[in-house]
Number of protein chains: 2
Amino acid sequence: MRIDATHDPALRSWVASANDPAGDFPIQNLPFGRFRRAGSNEPWRIGVAIGDQVLDLHAARAHATWPAELAPTLDALAAGDLNALMAAGAVPRRALRAALSQALAEGSAQQGALARCLVPQSAIELTVPCAIGDYTDFYTGIHHATSVGRLFRPDNPLLPNYEWVPIGYHGRSSSIVASGAPVRRPLGQTRAADAQRPTFAPCQRLDYEVELGFLVGPGNALGEPVGIEAAEDHLFGVTLFNDWSARDVQAWEYQPLGPFLSKNFASTISPWVVTMEALAPFRAPLQRPAGSAQPLPYLDSQATREQGSLAVRLEAWLQTGAMRAAGEAPVRLSQARADEAAFWTPAQLVAHHTVGGCNLQPGDLFGSGTLSGPGPEQAGSLLELSRGGKEPVRLPNGETRSFLADGDTLMLRGVCERDGFRRIGFGDCAGTIVAAPATA
Amino acid sequence: MRIDATHDPALRSWVASANDPAGDFPIQNLPFGRFRRAGSNEPWRIGVAIGDQVLDLHAARAHATWPAELAPTLDALAAGDLNALMAAGAVPRRALRAALSQALAEGSAQQGALARCLVPQSAIELTVPCAIGDYTDFYTGIHHATSVGRLFRPDNPLLPNYEWVPIGYHGRSSSIVASGAPVRRPLGQTRAADAQRPTFAPCQRLDYEVELGFLVGPGNALGEPVGIEAAEDHLFGVTLFNDWSARDVQAWEYQPLGPFLSKNFASTISPWVVTMEALAPFRAPLQRPAGSAQPLPYLDSQATREQGSLAVRLEAWLQTGAMRAAGEAPVRLSQARADEAAFWTPAQLVAHHTVGGCNLQPGDLFGSGTLSGPGPEQAGSLLELSRGGKEPVRLPNGETRSFLADGDTLMLRGVCERDGFRRIGFGDCAGTIVAAPATA
């Protein structure tokens, strides 16, 4: 969690747009992503977002001067391999951050060389930031778990294991897409409450889930758990994550082995990875409701209690097809703070995931689970905002939504703000619903 | 399902051991695997098992003569990339099978050249057969689902969705290991039925599950379901698969999102992939209990009803540490036939997995779920054989097992036999339990 010169709020970049106080990508952020020129078939390159530009690390390695110890790091990045940086751990990652911060700062002697390595973000397309081997979705949002549980079990919304076990399940890696990719409404089996037989049709209760994504850095060997004290050493950075969900498909399929087709048709990740170093000023205490159980020792440490959470403000925004046609801006459906929503810290997730011996690998992804705030208007899904579909959300243009309609664009936003530090953000995490395939 | 000259039971190989009628790898089988010399650090190579030898395809490409159209296929295989063959589909796979069958047959002019390309299986080590991107475990064993369900719900063992939905869930790819790798007993949280709080300790109810593994060949694009008629075109081949399970961890963690740490500490795959072509003589009708629901149209076809199942005899064998020390051979715990156990065919699993738009990729793995036969002695797990631990299994040497003990070696065997065809087998799928890590 160390704060260093790269976090100095007075630091300004010679990339003018990076000094916009409302921007997501000041010089204090420096997130990594994989990009190419829009519409090209070029290989994906690693870049660093700075203001409204991308610093192309392939070009930057060739055209600028870097500390000698960064050579292997820059070689891997120039080859388009973010997983190699993830595997290498905090030491080269911090060294690279320091070098990038200096090179992009006002007054840098590298400005002339690096100015040639900038590409406008408006001219690029981005893909998933790394090769994601395995993806696990957790369920750390206690207010979400409580609200959803209440829909099924009004008197006993939280199951007894919730306060002991960081509940999670394995998800589908292949269908994780980057912000901007369309999301096709899934077909699937559902069964009405009063029906004998299921029907096969397009999902009628299509929803989003506001999550953070945690990307694994160095892995661990099979059979060798990672202790809680070392757990953050295995994290690389954080993204936004939308775990699109087919609620009606889920209700019919999920017993006894959990969600499957209701989740695996698409998940959207924000393509810029904000590193653990960039987030250092925005760590927060683990907040738990009074009376919650003390974590078992393998999940507990002073560091995770005192600064294990992430103070990120998360927002969900909707623009319906009608709003788009009328030129109306998106509307905010909710906002919540991750540190007020999450019952478990990222370090606790690493410790739990590995405690039985499961091996993590660089680039693996954890979803936080839906991060709903304590208030009903802070919910991170339509299932919650519409009370299970019973109270549709009314939009300013008169439309209503219980669940998502074809043509809807759902956008997540994430922002870190703290007095004495420069605001940083996560960039876009958006997807537009397209119609289901025709059924035979 | 076509039968051709490669299935001729009279076909013999110039590799003498392949003509042993009790062997798993006659010339009619020709499964693919990845191997290297035992104890070396050489790159993994693709080989084909023949008798007690492996044909090294890297060497075979260089030293023998092959049809010109196989050049790209052999180039990829010589580079150690089985996924490329998987992606290419049935046409090059069948052409390669025909060429290998001719080259390894008695009287082949290639014998002299290929004899130099054989490596004894006793001198090699094998790894997982391909890069497994995503792994899904299904639950197709209706007798298993019924027996396990009865332990929890005596009056209502099968949930209402079972006969409609091919139940499955996402598993962990990173911890899939090849036969022979040790399996470390996991640590984890469990809670006794009468306890207020969970405890953290080594798993006390460690179990195995007898499954088949289905490896995906060509994938499908995100958002584009694979119809049932085309589903088998997306399968490459079949393995044995042991889905090791921590039953006590599972019981505490699995609500509401399914199994997680109880399954992801290790899964063992047999390293030789028996292709769909090799299995052509051993296809069988889909067998379902009288009165079962008709599958929904997207899961139904004449071909899958009439020959969608696989007639594989599956066996589980146990050798305890005490038996090994005493020089006693393993004992068979159970046997069952896959086609008497599975309520869904592999093609139905492909159609279901993709119907919501999920994309499969070459090398993805499906587990069948535990394939227990209809009789209680045919059960594919100790949970079933010991009636939830209440009736320990008595071994010939006087030991008993409700669940697995440290030092136990559990082996799966799989054999296909049919009148008029040469018996083929799957090779080894074994793992030995080692003690859990010490707890702090």
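Which element gives the largest share of the lining of the second largest pocket? The tour below reaches that element at its second stop. The model on screen is a predicted one.

**First stop: the largest pocket**

Begin by selecting A:Val148, A:Phe152, A:Arg247, A:Ala251 and A:Leu383. Among the 40 residues that line the largest pocket, these five lie closest to its centre. The pocket itself has a volume of about 740 Å³.

Next, colour strand E6 (135–138), helix H6 (142–152) and helix H7 (247–253) of chain A, the elements that give two or more residues to this lining. Colouring the lining of the largest pocket by residue class then shows 20 nonpolar, 9 polar and 11 charged residues.

**Second stop: the second largest pocket**

Now display strand E6 (135–138), helix H6 (142–152) and helix H7 (247–253) of chain B; each supplies at least two residues of the lining of the second largest pocket. The opening question is settled here: H6(B) provides the largest share of this lining, with 5 residues. By class, the lining of the second largest pocket comprises 12 nonpolar, 6 polar and 9 charged residues.

Key: Residues are numbered from 1 along each chain as its sequence is written. Chains are lettered from A and ligands numbered from 1 in the order in which they are written. This is a predicted model: local features need pLDDT of at least 70, side-chain atom pairs count only at pLDDT 80 or more; totals for chains, interfaces and linings use all residues. Side-chain values use heavy atoms; hydrogens and water are left out. On a 1 Å grid over the protein atoms alone, a cavity is a set of points where a 1.4 Å probe fits but cannot get out, and a pocket is an open set with protein on both sides within 12 Å along at least five of seven lines; lining residues have an atom within 4 Å of a point. Grid points are joined across faces, edges and corners, and a volume is the space filled by probe spheres set on the points. Helices (H or I, at least four residues) and strands (E, at least two) are DSSP runs, numbered from the N terminus. Ala, Val, Leu, Ile, Met, Phe, Trp, Tyr, Cys and Pro count as nonpolar, Asp, Glu, Lys and Arg as charged, and the others, Gly among them, as polar.
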